[in-house]
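Subject: Structure handover, salt bridges

Hi,

My notes on its salt bridges follow below.

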Amino acid sequence: MKLYTCDHCQNTVYFENDTCLHCGYSLGFDMRTMDMITLEKQGDNIYCSVKQNNETFYYCNNAAYGVCNWIIPAQGGPGFCLACSLNRMIPSLDSEVNRGRWKNIETAKHRLVYSLLRLRLPVEKKQGDEENGIAFDFLADSSPGERVMTGHDNGVITLNIEEADEAERTKHKMDLGERYRTLLGHFRHEIGHYYWDRLIRDSPRLNDYRALFGNEEADYAKALETYYQNGAPSNWMQHFISPYASAHSWEDWAETWAHYLHLMDTLETAFSFGLEIHPENIVDNKGIRAEIKRDPYETDDFNRIFSWWLPLTFAVNSLNRSMGHPDFYPFVISEAVSRKLKFIHELVIGLGKNT
């Protein structure tokens, strides 16, 4: 994620801010420039930039609920931003609990869409493109016996809204023995299934994919049943980013895809802050030294990106431990997993150059 500042007072602001807390000016994210715009009101919900007033904007319709700060050009009339236009079903807003959960969901989903746009991946809504589009359904359980399952099906990503509740999500995390479980992680995993369909399924890279991730034609239902009965193999860390990745080729792809997005967005944040890792009092610190002086989204060489990642996660894990928290990044990346991440990077970067 980039580092943003208010155009009026140069105060640092977060990606989710709709108001500068220093000067009080309105803020909106413009996906065309991938930048935060400081706004002045021109009329009924119409705004212009404080830097130039030759273009006007509306806030996304979901700004009225406090869940979106993206802006759209006013000439098209009021409507939804790209991120919110992907929604097909949202929770009932009669409940304050649901409104809070929806806000948490949108925060994570907007960060997902930001990363997809930075990678120049196709992001199209399902309405108008049923075959290739994306849709999100945010649903609640109708009864204890009828659970909503988070997952992906032909471009539709379904999320059980209880995942937006920290206590419930932590309970699931402990019950399933997971070391990492977040809303953003869910979205990044499920969108990975979607992009497998778009980028791999009918592509010339299918055989290259199989050489790394295995044959996706293996019976998926049977593979999951076996995984939930027996768990991951004892040597899973040598070949997979997580135990669940060992269940099936598709899950290996989705888990690795999610971690690729984790890696890219975190490194962009580190780059925006000018972070450098130079441990003192260590004679040979080459393995845990990094100067993140280039935007990872603009870096072709994955080996260079990976050389930044390990020192950064080692440093941040150490900071977390100093505060008594679990590791920020509780994963070990083996050589086999590194090759899979490199494959995804080269695939996506190559696609971006051709668009």
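Glu217 counts as exposed, because its relative accessibility is 60% and the cut-off for exposed is over 50%. Its salt-bridge partner is Arg210, with the closest N and O atoms 3.6 Å apart. Arg210 counts as partly exposed, at 24% relative accessibility. Bear in mind that this is a predicted model.

In total, the structure holds 24 salt bridges. Two others are worth a look.

Glu276 pairs with Lys293; here the closest N and O atoms are 3.9 Å apart. Glu276 is partly exposed, at 40% relative accessibility. Lys293 is exposed, with a relative accessible area of 56%.

Next, the network. Salt bridges with shared partners join Arg118, Arg120, Glu268, Asp295 and Glu298.

One of the pairs is Asp295 with Arg118, whose closest N and O atoms are 2.6 Å apart. Asp295 lies in the loop between strand S13 (290-291) and helix H8 (302-322), while Arg118 belongs to helix H2 (residues 96-118), so the pair ties together parts that are 177 residues apart in sequence. Are these two residues buried or exposed? Both Asp295 and Arg118 are buried, so each has under 20% relative accessible area.

Best wishes

Note on methods:
Residues numbered from 1 in each chain as written. Predicted model: local features only at pLDDT ≥ 70, side-chain atom pairs only at ≥ 80, totals over all residues. Heavy atoms only, no water. Salt bridge = Lys/Arg side-chain N within 4 Å of Asp/Glu carboxyl O. Helix = DSSP H or I, 4+ residues; strand = E, 2+ residues; numbered from the N terminus. Buried < 20%, exposed > 50% of the residue type's maximum accessible area, 1.4 Å probe, protein only.
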